Amino acid sequence: MPALTYDQIRVLNSYSVFTEDTERTLFTLENLHKDFFIKDFRNLMMGITQATTEAAAISHFGRRYGMFVAMQFYMLAVYDEVWDGKLEDIRFSLINEYGNNTLGTFITAKDFRYVDDKERSSVIKKLLIQCHLVFQQLRKATSVSPLTLWENVFGYMLWNYHEMLENPLLADRAFEDIEILEDPDTWELFSSKSLFYQYTGGKNPSSLVNKPLRKSCCFSKDIPGLTACEFCPMK
């Protein structure tokens with residue numbers, strides 16, 4: 001178990017991921033995998049976001065979970081570390097960001113571990129499968145498309161890789177992870193193609209930032225206090 005540095009804690013916090021205890025856990029990721037919890041989860045997200053539609057409320061959670069996933073890929077590329085705890089140790093609690101109620105993700109710091117080169121591909125596969133399983137549960141809450149949910153994640157990841165590719169000390173590792181993400185075999189347990197490649201078209205992330213890539217709307221425009229994404233395809 002590697003001890004997290006101050007800089008690593010700062011990185012986690014930038015993704016609204018925290019390692020301290022939360023005063024009140026609303027639910028855990030394990031709860032979300034229980035079908036009987038889905039209705040309560042949907043109602044909870046509607047209450048927190050005050051969204052005008054269920055799809056907007058669930059997509060908002062998808063974006064918050066997407067930040068956690070993007071954090072995992074960042075930590076993997078920059079520090080060769082991954083959080084490898086249990087589902088019940090991923091806790092969600094109400095926080096306020098920029099005057100808006102949302103969810104913060106709380107995890108246990110002791111569950112980060114180093115990743116060997118030989119297991120890098122399998123770790124990335126595991127992260128994607130975990131994401132797929134969460135999205136399956138979210139789609140039981142309302143009719144939000146898988147494309148919307150995956151694009152919520154990829155938007156964060158694209159910016160991460162753009163920044164890493166601009167850094168000579170991180171570029172090689174970033175390229176290695178991108179190649180794994182673009183390989184259809186990485187996705188074979190639930191998709192016949194690389195969804196990441198489908199999103200980027202195989203282009204360098206640095207050539208894609210600040211360009212309209214989304215093919216689906218994230219519905220942030222339907223949540224009070226938030227605005228439509230700059231490149232929303234629904235405009």
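The dialogue below takes up cavities and pockets, then a helix contact, then the strands.

Guide: Please keep in mind that this model is predicted.

Visitor: Which residues line the largest cavity?

Guide: The lining consists of Y65, F68, V69, Q72, L127 and Q130. Helices α4 (54-79) and α5 (120-141) each provide at least two residues of this lining, and α4 contributes the most, with 4 residues. In terms of class, 4 of the lining residues are nonpolar and 2 are polar, while none is charged.

Visitor: What is the volume of the second largest pocket, and which residues are closest to its centre?

Guide: The second largest pocket has a volume of about 240 Å³. Its lining comprises 14 residues, of which F135, P146, L147, W150 and L195 are the closest to the centre. At least two lining residues come from each of α5, α6 (146-165) and α8 (195-200), and α6 supplies the largest share, 5 residues. The lining of this pocket includes 8 nonpolar, 3 polar and 3 charged residues.

Visitor: Let us turn to helix α6 and its contact with α7. At what angle do the axes of α6 and α7 cross, and is the crossing left-handed or right-handed?

Guide: The axes of α6 and α7 (residues 171-182) come within 8 Å and cross at roughly 145°. The crossing of these two helices is left-handed.

Visitor: Which strands pair with β4, and in what sense?

Guide: In a regular strand the side chains alternate between the two faces of the sheet. Strand β4 (residues 91-97) pairs with β2 (residues 27-28) in the antiparallel sense over 2 bridges, with F27 bridged to F92 of β4. Strand β4 also pairs with β5 (residues 100-106), again in the antiparallel sense, over 7 bridges. In this second pairing, R91 has F106 of β5 as its bridge partner.

Visitor: How many residues lie between β4 and β5 in their hairpin?

Guide: There are 2 residues between the strands of this hairpin, and Y98 in the turn has a positive phi of about 55°.

Definitions and conventions: Residues numbered from 1 in each chain as written. Predicted model: local features only at pLDDT ≥ 70, side-chain atom pairs only at ≥ 80, totals over all residues. Heavy atoms only, no water. 1 Å grid on protein atoms, 1.4 Å probe; cavity = no way out; pocket = protein on both sides within 12 Å on 5 of 7 lines; lining within 4 Å. Nonpolar A, V, L, I, M, F, W, Y, C, P; charged D, E, K, R; others polar. Points joined across faces, edges and corners; volume = space filled by probe spheres on them. Axes fitted to C-alpha atoms, helices over the stretch in contact; angles between N-to-C directions. Left-handed = near helix turned anticlockwise from the far one by under 90°. Pairing = 2+ DSSP bridges.
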